[in-house]
Structures are given as C-alpha cells and as structure tokens.
Amino acid sequence: MGKGFSKFKRKLRVGAVLRAVIFGLSLGLVIVSVMWLIAKLSAEEPDFIGYSLYGGIAAAAGLLAMLLILLPTKKRIARRVDQHLRLGEKTQTMLAFRKDVSPMAALQREDTDRILREAPKRRVKGVCTWLFILIPVVAALTLTGTALVPTKEPPAPPPVVENNFTI
C-alpha cells in the first residue's frame, strides 16, 4: 500500500485504540462507582482494593470488546476513506488489485495514492466521536454522584434490658 492509504490506516487504527481505552477506563470507573454506592447504601465498610480489582477486570474486558468491535480492517478503512473523500470506489479498487502487475492497475494505484497523499487526514472521521466524548463524562458524573451520596449509618444495636425482676 502507498503512503496515502497508510496515513489513513494509522489514523483510524490509533483512533479505534484510543476509543477502546477510553471506553474500558470509563467502564471500570462506573463499576467502581456502583460498587461503592452499594456499599454506602447498605452501610458496609467500602473495600476499595476489591472494587479496583473488579473495575480493572471490567476495564480490560471492555477494552478488548471495543477493540474487537472498532478496530477496522483494511477493507473497512478503504470503504470509509472512499465515503468521506467521495472517491467512489477508488481506494477499495486499489486495495483489491494491490497484487495486480498490469499497467492499468499500477496507474490506478498511483493515481489513488496521489489523491490520498494530498488529502488531509482530518477529512476522514472515526466512529461516533461524540459518543466517546460523552462516555467518560458520564463515568465522571457517576463517580461524583456516588461521592456526594451520604453514607448510611449502621442500625443501632437493640437496647439491653436487664432482667433482674424477682417475685
């Protein structure tokens, strides 16, 4: 592949990895917040080490799941580049015929690569950028809300009645 396609491939893959990391960390933070809230409302002593462990496991699972969902293949990258740059199917054709040695395929590859090199990277956008900005905000608000909830006091022990009644 040419340098033009490689720059878009790198941009979209780095964006997918960053989105997955943001999602994973936000998921872990929400899990910690929910577990802390449950402990506060049930008047238990909070176990932040355990909460962090569960949050870390959830963060790793969320990160891996989002990587599997968001990490684009070369075909997806070519489709997205064609769509955002309005190239028809030039990039997809360049990708499909990358091993073809005919002069027409080589000419088409060079032309498409030239167009891609000249195109600015910012014209091709990632998936749901606004959503991945909103997710950490919701996680931070969840943690803030949990910190503001007052801790429920444990129930008072029943009064001790001395039984020294004699007839």
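Biologist: Let's start with a loop. Where does Ala 43 lie?

Modeller: Keep in mind that this is a predicted model. With a relative accessible area of 25%, Ala 43 is partly exposed. As for its place in the chain, Ala 43 sits in the loop between H1 and H2.

Biologist: And what is the phi of Ala 43 near?

Modeller: Most residues other than glycine have a negative phi. Ala 43 isn't a glycine, yet its phi is positive, near 60 degrees.

Biologist: What about Arg 86: is it buried or exposed?

Modeller: Arg 86 is in the loop between H3 and H4, and it also has a positive phi, about 55 degrees, without being a glycine. The cut-off for exposed is over 50%. At 73% relative accessibility, Arg 86 therefore counts as exposed.

Biologist: On to the helices. How do H1 and H2 run relative to each other, roughly parallel or roughly antiparallel?

Modeller: Helix H2 covers residues 48-70, and its axis is 7 Å from that of H1. The two pack at an angle of about 150 degrees, and anything over 145 counts as antiparallel in rough terms. So H1 and H2 are roughly antiparallel.

Biologist: Which hand does the crossing of H1 and H2 have, left or right?

Modeller: The residues where H1 and H2 touch come out as 21 nonpolar, 5 polar and 1 charged. As for the hand, where H1 passes H2 the crossing is right-handed.

Biologist: How are H1 and H6 oriented, roughly parallel or roughly antiparallel?

Modeller: H1 takes in residues 3-41 and H6 residues 129-148, with 9 Å between their axes. Their angle is about 20 degrees, and angles under 35 degrees fall in the parallel class. That's why H1 and H6 are roughly parallel.

Biologist: How many residues in the contact of H1 with H6 are nonpolar?

Modeller: The crossing of these two is left-handed. On the H1 side, the residues that meet H6 include Ile 22, Phe 23, Ser 26 and Trp 36, while Phe 132, Pro 136 and Leu 143 are among those in H6. Sorted by class, the contact of H1 with H6 has 2 charged residues, 5 polar ones, and a nonpolar count of 13.

Biologist: Which residues does Pro 136 contact, setting aside neighbours within four places in sequence?

Modeller: Pro 136 is in helix H6 and is partly exposed, at 29% relative accessible area. Once neighbours within four places are left out, Pro 136 has contacts with Ile 22 and Ser 26.

Biologist: What distance separates the C-alpha atoms of Pro 136 and Pro 157?

Modeller: Along the chain, Pro 136 and Pro 157 are 21 residues apart.

Biologist: How many charged residues does the contact of H1 with H3 have?

Modeller: From H1, Lys 9 and Arg 13 are among the residues that meet H3, and H3 brings Lys 74 and Arg 80 among others. By class, this contact has 7 nonpolar residues, no polar ones, and a charged count of 4.

Biologist: Which element gives the most to the largest nonpolar core?

Modeller: That core has 13 residues, and Phe 5, Phe 8 and Val 124 are among those with the most contacts inside it. The elements giving two or more residues are H1, H3 and H4. The top contributor, with 4 residues, is H3.

Biologist: How many residues does the second, separate core have?

Modeller: Ala 16, Ala 20, Met 66 and Leu 70 are included in it. In total, the residue count of this second core is 5.

Biologist: Last one: is Thr 91 buried or exposed?

Modeller: Thr 91 is in helix H4. Not counting residues up to four places away, its contacts include Phe 5, Val 81 and Leu 116. Buried means under 20%, so at 0% relative accessibility Thr 91 counts as buried.

How values were computed: Residues are numbered from 1 along each chain as its sequence is written. This is a predicted model: local features need pLDDT of at least 70, side-chain atom pairs count only at pLDDT 80 or more; totals for chains, interfaces and linings use all residues. Side-chain values use heavy atoms; hydrogens and water are left out. Axes are lines fitted to C-alpha atoms, for helices over the stretch in contact, and angles run from 0 to 180 degrees between N-to-C directions. Angles under 35 degrees count as roughly parallel, over 145 as roughly antiparallel, 65 to 115 as roughly perpendicular and the rest as oblique. A crossing is left-handed if the near helix is turned anticlockwise from the far one by less than a right angle, and right-handed if clockwise. Contact means heavy atoms within 4.5 Å. Ala, Val, Leu, Ile, Met, Phe, Trp, Tyr, Cys and Pro count as nonpolar, Asp, Glu, Lys and Arg as charged, and the others, Gly among them, as polar. A nonpolar core is a set of buried Ala, Val, Leu, Ile, Met, Phe, Trp, Tyr and Cys residues joined through side-chain atoms within 4.5 Å. Buried means under 20% relative accessible area, exposed over 50%, partly exposed in between (1.4 Å probe, protein chains only).
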